[in-house]
Amino acid sequence: MADTYTPPVTGTGVKATIQRIGGHLAGMIMPNIGAFIAWGLITALFIPTGWLPNETLAKMVDPIIKMLLPILIAYTGGRMVHGQRGAVVGAVAVMGVVVGTDSPMFLGAMIIGPLTALILKYVDKFTEERTKAGFEMLVDNFTAGIVGGAMAVVGMFGIGPVVQTITTGAGNAVEWLIVNNLLPIASVLIEPAKVLFLNNAINHGVLSPLGVAEAAEQGKSILFMLESNPGPGLGLLLAYLLFGPRAMRPSTPAAMIIHFFGGIHEIYFPYVLMKPRLIIAVIAGGAAGVFTFMITGAGLVATPSPGSIFAYLAVTPKGGWLGSSLGILVATAVSFAVAAVLLGFGRGEKAEPEEPEEPEPAATEETATKES
C-alpha cells in the first residue's frame with residue numbers, strides 16, 4: 001500500500017532501508033490525509049483563537065487528534081501488513097496506547113498497528129494447518145480477539161510509556177539548548193520531532209511554558225516561534241510542487257493552503273517521511289528562521305495556535321511584524337532551496353514514455369506482399 005504513495009525503492013543499502021521505512025510510515029498517513037484536513041479545519045475554525053470560535057464544536061478537537069487519528073493510522077498500518085484482519089487488530093491494540101497516555105500517540109500508532117498485524121499473521125499461519133474443517137471462523141475470531149486484546153495491554157504498559165519517554169527526552173533536550181542559548185541548533189531536534197508527530201508535545205509541553213514566563217518579564221518571547229514557524233514546511237511543499245514525484249504534485253497546493261493559512265503543520269510531515277533525506281531541508285529552514293528571529297529581535301506575546309500566518313500576525317507585538325515576517329520568509333526560502341537540491345530539481349521525475357504506435361494495416365499488408 002505504501003508503494004501507492006511513494007516511488008519504488010531498489011537496493012539493499014542503508015539508504016534504501018531508510019527510504020522503505022519512510023515509505024511505510026508515509027503509507028500509514030497518506031490514506032488518512034482527509035481526516036487530518038477535517039481535524040485541521042475544525043481546529044482552525046472553532047478553537048478559542050480560531051476564525052469562528054465555538055465552544056461546543058471545539059469539543060471535537062481533542063477526541064479527533066487523541067483517539068480517531070491514531071486509530072486510523074494503526075488501522076491502516078495493520079491493513080498494510082495483514083489485510084482486513086490486521087487492520088482490525090491494529091485498531092484494537094492502539095487503544096491501549098491511546099488510553100495510557102495524554103499526548104497524541106501518532107508514533108505509538110505507527111508502531112503497534114503493524115506490529116500487532118504481523119503477530120496475527122504468524123498466528124494465522126500456525127493455526128491454518130491445524131484447524132479442523134468447520135471451525136475456521138471460530139478460530140479466526142478468537143485468535144484475532146486474543147492478539148488484539150493482549151497487544152492493547154502491551155501498548156498501555158509497554159509501548160505507550162516508551163513513546164512518552166522519548167517525547168519527554170526530546171523536550172528536555174530542546175530545553176537544554178534554550179537554556180544554553182543555542183536556539184538555532186534547537187531545530188536539529190525540533191524538526192525531526194515534528195515529523196514524528198511530537199510537535200504538540202514539544203511546543204505545548206516545553207516551549208510554551210518557558211515562553212509564557214519570558215513574555216511575562218519582557219513582553220514577548222522568541223520561544224513561541226521555534227516550533228510554530230510555518231516557513232520550513234511551506235518551502236518543502238513548494239519544492240515538492242515543482243520538483244517532487246509527479247504523482248504527489250497535485251496534492252501539494254491544498255496542503256500548502258492548509259499548512260500556511262490553516263496552521264496545520266501535520267499536513268507536510270508525510271511528505272518528509274516519503275523522502276527522509278528532506279529532513280535536512282526543514283532543519284536548515286528552521287535554523288535559518290530562528291537565526292533571523294534572533295538578529296531582528298523578533299518575538300511573540302503568546303503561542304500562535306494554530307501555527308498559521310494569521311495566528312502569527314495576531315500575536316505579534318506592535319512594531320514586530322517585520323522581524324516575524326522576515327523570519328518566515330527566510331525559513332521558506334532556505335527550506336525550498338535545500339529541498340530542491342535534494343530532489344535533484346526534478347531531474348528524476350521525467351514524463352512516462354509514450355507507447356509506440358501499432359503499424360497501420362495497409363502498411364502491414366504492403367510489407368507482407370513484398371516479402372512474398
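The following is a short chat about a predicted model of one protein chain.

Q: What kind of model is this, and which pLDDT do local features need?
A: This is a predicted model, where local features need pLDDT of at least 70, side-chain atom pairs count only at pLDDT 80 or more, and totals for chains, interfaces and linings use all residues. Residues are numbered from 1 along each chain as its sequence is written, and side-chain values use heavy atoms, with hydrogens and water left out.

Q: What is the mean pLDDT of the chain?
A: The mean is 80, and 81% of the residues reach 70 or more; pLDDT is the predictor's confidence in each residue, from 0 to 100. Residues 351–359 fall below 50, and beyond near neighbours in sequence this stretch has two contacts in the model. A contact means heavy atoms within 4.5 Å. Where pLDDT is low, the predicted coordinates should not be read in detail.

Q: How many helices and strands are there?
A: The protein chain has 14 helices and zero strands. Both are DSSP runs numbered from the N terminus, helices being H or I with at least four residues and strands E with at least two.

Q: Which share of the residues is buried?
A: Buried residues make up 47% of the 372. Buried means under 20% relative accessible area, exposed over 50%, and partly exposed in between (1.4 Å probe, protein chains only).

Q: And what about contacts along the sequence?
A: Among contacts between residues at least 6 apart in sequence, 73% join residues at least 24 apart.

Q: Which residues have the most contacts inside the largest nonpolar core?
A: They are I73, M110, F197, L226, L236, Y268 and Y271, in a core of 84 residues. Such a core is a set of buried Ala, Val, Leu, Ile, Met, Phe, Trp, Tyr and Cys residues joined through side-chain atoms within 4.5 Å. Helix α3 (residues 61–100) gives the largest share of this core, eleven residues.

Q: What does I73 touch?
A: Leaving out residues up to four places away in sequence, I73 touches M28, I29, N32, F36, F106, A109 and M110.

Q: Where is T252, and is T252 buried or exposed?
A: T252 is in helix α9 and is buried, with a relative accessible area of 0%. Not counting residues up to four places away in sequence, T252 touches L237, Y240, L241 and Y271.

Q: Switching to charges: how many salt bridges does the structure hold?
A: The structure holds one salt bridge, meaning a side-chain nitrogen of Lys or Arg within 4 Å of a carboxyl oxygen of Asp or Glu. The side chains of R85 and D124 form this kind of pair, at 2.9 Å from N to O.

Q: What does the pair tie together?
A: R85 lies in helix α3 and D124 in helix α4 (residues 106–128), so the pair ties together parts 39 residues apart in sequence. R85 is partly exposed at 23% relative accessible area, whereas D124 is buried at 11%.

Q: Which residues make the nonpolar surface patch?
A: W51, L52, I257, F261 and F310 make a patch of about 530 Å². Patches are made of residues with over 30% relative accessible area and no salt bridge; like charges are joined within 9 Å, nonpolar side chains (Val, Leu, Ile, Met, Phe, Trp, Tyr) within 5 Å. Accessible areas come from the Shrake-Rupley method with a 1.4 Å probe, and for residues only the protein chains shown count as cover.

Q: Where does F261 lie?
A: F261 lies in the loop between α9 (252–260) and α10 (269–274), and is partly exposed, with a relative accessible area of 36%.
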